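Here is a short briefing on one protein structure. Keep the 3D view open and find each residue as you read.

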Amino acid sequence: MAIYLIVALDVLNGISSLFLLCLGLAIIFGMMKIINLAHGEFIMLGAYATVISANAGVNIWIAMLVVAPLFVGLVGLVIERCLIRFLYGRLVDSMLATWGLSLLIIGIVTTIYGNTQQGVPTPLGGFSIGSYQSSYYTLFLAGMAVVMMAVVYSVMSYTRFGLIARATMQNPAMAATLGVNPARVYMSTFAVGAAITGLAGGLLAPVSGITPGMGGAYVAKAFMTVVGGGAAILSGTMSAASLFGAVNQVGAFFTTPVYGEVLVFTAAIVLIRLLPRGISGRFFKGNL
Amino acid sequence: MTIRFRLVAQAAAVLIAIVAIVLIPSVIELFAMMQLTLFAAMAVLALSLAFIWGFGGILSFGQTAFFGLGGYAYAISAINFQDSTPSILLAIIVPALFAAILGYFIFFGRISDVYLGVITLTVTLILFNCVNSTSGDEYRIGKALLGGFNGIPAVPTFNVPFHPDQVLSPEQSWWVTGGALLGIFLLLRLLLSLPAGRVIVAVRENEVRASLLGYDPRKVKLLTFILSGAIAGFAGALYVNWGAFVGPTIFSLSLSAEIIIWITVGGLGTLLGPIIGCVLIEYIVAYIGSQQALNSNLVLGAVLVVFVLLLPKGLVPTARDLLMRLVPASKPKAQHADDHAPPPVAASRMAGAE
């Protein structure tokens, strides 16, 4: 019995961390059709911001929940102004430039902090189910995923900014005619997406090994999820994250983590083959 | 600039390239020649992506998947057969089959460009992870131990076909590698000038129009993808022959990125540009590796960003445009989107072949 509970917790953990990792990317891709291949490096920057400020004596919660998103959001803002804004509508070029950017960020971080692994201790401690151990942090991550989902949903649905953002997403020319400046909407959307990604990096910092190259492990997974999810930011990302997170954890439980990832990938290819427009393109049309 | 003049110029360029390949071992030192052999093997890889990306319009972020599969297929069968002849064939067939399966899913699923990039990228990562986790005695294929992260050392290098005891010397290896580069360059050039090549470019330009004219874009793209996978696999065999070693880093993302950088720097939509870009960037990377101040990721990333923003066409097309402007055109000539080399390009091709 206890073993099933533990597997269920693992699955919950897989789903919630995948959702957190993908949310920022889904916002940037869904709203602006920019493929940000530096997504993994934004995660890495969030993790580094957390570790470095925590090791400098900042409270770990503040480091994770405030410093990481603020820092990465600012970085995102600068990158949007200096690079991304020249590339709207040039999809392939934006992929190339952000890939170059990701190499550049890895290079810079390696030069400053060296190619060594950093880390912070996991807060909150653990509990045991039967003879198995688990940590409260897993539950906290799941809670954060729910909170982020609620925040994004309510901002998008009930605020003026959300309304303008959705309008610009649907039809930039029409929004511009009505007095909205699409460039500014894109700028803030990119910064918000970057900040959410930084938050994800911060939240995952205590449970992952932090190296300059860590982003590579996330970027492919995040893309599979966003692409598999389709155009709807929340329902698409959530459904794809649930599917892939569950497949990954269950596969890893029965075989090894490596084959868990292979399974996810196979599932993703089959999914894209069957539903070329993603899960939300088929089942949640028009939803957020 | 009649057609005959262009033919003569191209034939002369090919001749000079052949002479250069033959003479190089007697002109330069062994170390420089080994480095050139590596560059030539990499340039074959560059050609494979230049072909599908520049002419087929398919941006594969995971060209190293085929490169690595070719390398591993060569290494494993060379160790088992102790003869490079069937191994080179396998290094071409295995990646081509893999490309066929993967391409079927991608193109017959009508997956758009972006998703294609994502899928190829992920395949590469998965292969890297899989091969990386094969350390231990239980992972062996025939006599070949896969070796996980440590890779497969002491792979037999090329021998004279069907004579396993006559191993090629470094000079002969260079002739094979340089000759293969020239051969594949000419093969692709020939293909692109045939009707089949026109169809490939037509599909890149406008899929709907091509299919209205009776071609099946899915099939055309799949065949292009398979051919490119086969070339990349062959490049993998050449690469393993150079180093007598293959490891999982052959699948690494940074190498995938490097191929794309070669083409962006050299010029998309040409066959010569990627070769030049490859040699140039590989030379820079080798130079960075020999000193400590700069990190190669940093330089490569900066180069890619700068080229995408400021020189999106790449070196060769930009140089060609400049030359065309300097040389007053006697006749208004139609600028082809694909690379039908006017003489200036033919002249600089020799530099690429060297």
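**Salt bridges and their surroundings**

Asp216(B) is partly exposed, because its relative accessible area is 24%. This model is predicted. Asp216(B) forms a salt bridge with Arg218(B), and the closest N and O atoms are 3.4 Å apart.

**Salt bridges**

- Over all chains, the structure holds 5 salt bridges.
- Lys221(B) and Glu207(B) form one of them, at 2.6 Å from N to O.
- Is Lys221(B) buried or exposed? Lys221(B) is buried, because its relative accessible area is 12% and the cut-off for buried is under 20%.
- Glu207(B), its partner, is partly exposed at 31% relative accessible area.
- Arg218(B), the partner of Asp216(B), is also partly exposed, with a relative accessible area of 25%.
- Asp321(B) and Lys313(B) meet through their side chains in a salt bridge of 2.5 Å, N to O. Asp321(B) counts as partly exposed at 24% relative accessibility. Lys313(B) counts as partly exposed at 48%.

**Where chain B meets chain A**

- How many residues does each chain give to the contact? Chain B gives 39 residues and chain A gives 38 residues.
- About 3,400 Å² of area is buried between chain B and chain A. Carbon and sulfur atoms give 82% of that area.
- Between chain B and chain A, the count of salt bridges is 0.
- Four stretches of chain B give two or more residues each to the side that touches chain A. They are α4 (84-108), α5 (113-132), α10 (253-266) and α12 (296-310).
- Which element gives the largest share of that side? The answer is α5(B), with 11 residues.

**A nonpolar surface patch**

- Chain B carries a nonpolar surface patch of about 710 Å². Its residues are Leu15(B), Ile18(B), Val19(B), Val22(B), Leu23(B), Val27(B), Ile28(B) and Trp175(B).
- Helix α1 of chain B, residues 3-27, gives the largest share of the patch, with 6 residues.
- Look at Ile18(B), which is in helix α1 of chain B. Ile18(B) is partly exposed, because its relative accessible area is 39%.

**Two buried residues**

- Thr177(B) lies in helix α6 of chain B, residues 170-193. Thr177(B) counts as buried, because its relative accessibility is 0%.
- A polar atom of the Thr177(B) side chain lies 2.7 Å from the backbone oxygen of Ser173(B).
- What does Thr177(B) touch, leaving out residues up to four places away in sequence? Thr177(B) touches Thr37(B), Ala40(B), Ala41(B) and Leu238(B).
- Ala237(B) lies in helix α9 of chain B. Ala237(B) is buried, because its relative accessible area is 0%.
- Leaving out residues up to four places away in sequence, Ala237(B) touches Gly70(B), Gly71(B), Tyr74(B), Ala91(B) and Phe158(B).
- Ala237(B) and Thr157(B) are 80 residues apart in sequence. In space, their C-alpha atoms are 9.3 Å apart.

**Two positive phi angles**

- Most residues other than glycine have a negative phi.
- Gln82(B) has a phi near 60°, a positive value in a residue other than glycine. Gln82(B) lies in the loop between α3 (63-81) and α4 of chain B. Gln82(B) counts as partly exposed, because its relative accessibility is 42%.
- Ala244(B) has a phi near 55°, again a positive value in a residue other than glycine. Where is Ala244(B) placed? Ala244(B) is in the loop between α9 and α10 of chain B.

Notes:
Residues numbered from 1 in each chain as written. Chains lettered and ligands numbered in written order. Predicted model: local features only at pLDDT ≥ 70, side-chain atom pairs only at ≥ 80, totals over all residues. Heavy atoms only, no water. Buried < 20%, exposed > 50% of the residue type's maximum accessible area, 1.4 Å probe, protein only. Polar contact = N/O pair within 3.5 Å; in protein donor to acceptor, adjacent residues only side chain to side chain. Contact = heavy atoms within 4.5 Å. Patch = residues over 30% accessible without salt bridge, like charges linked within 9 Å, V, L, I, M, F, W, Y side chains within 5 Å. Areas by Shrake-Rupley, 256 points an atom, 1.4 Å probe, with all protein chains shown as cover. Salt bridge = Lys/Arg side-chain N within 4 Å of Asp/Glu carboxyl O. Buried area = accessible area lost by both parts, 1.4 Å probe.
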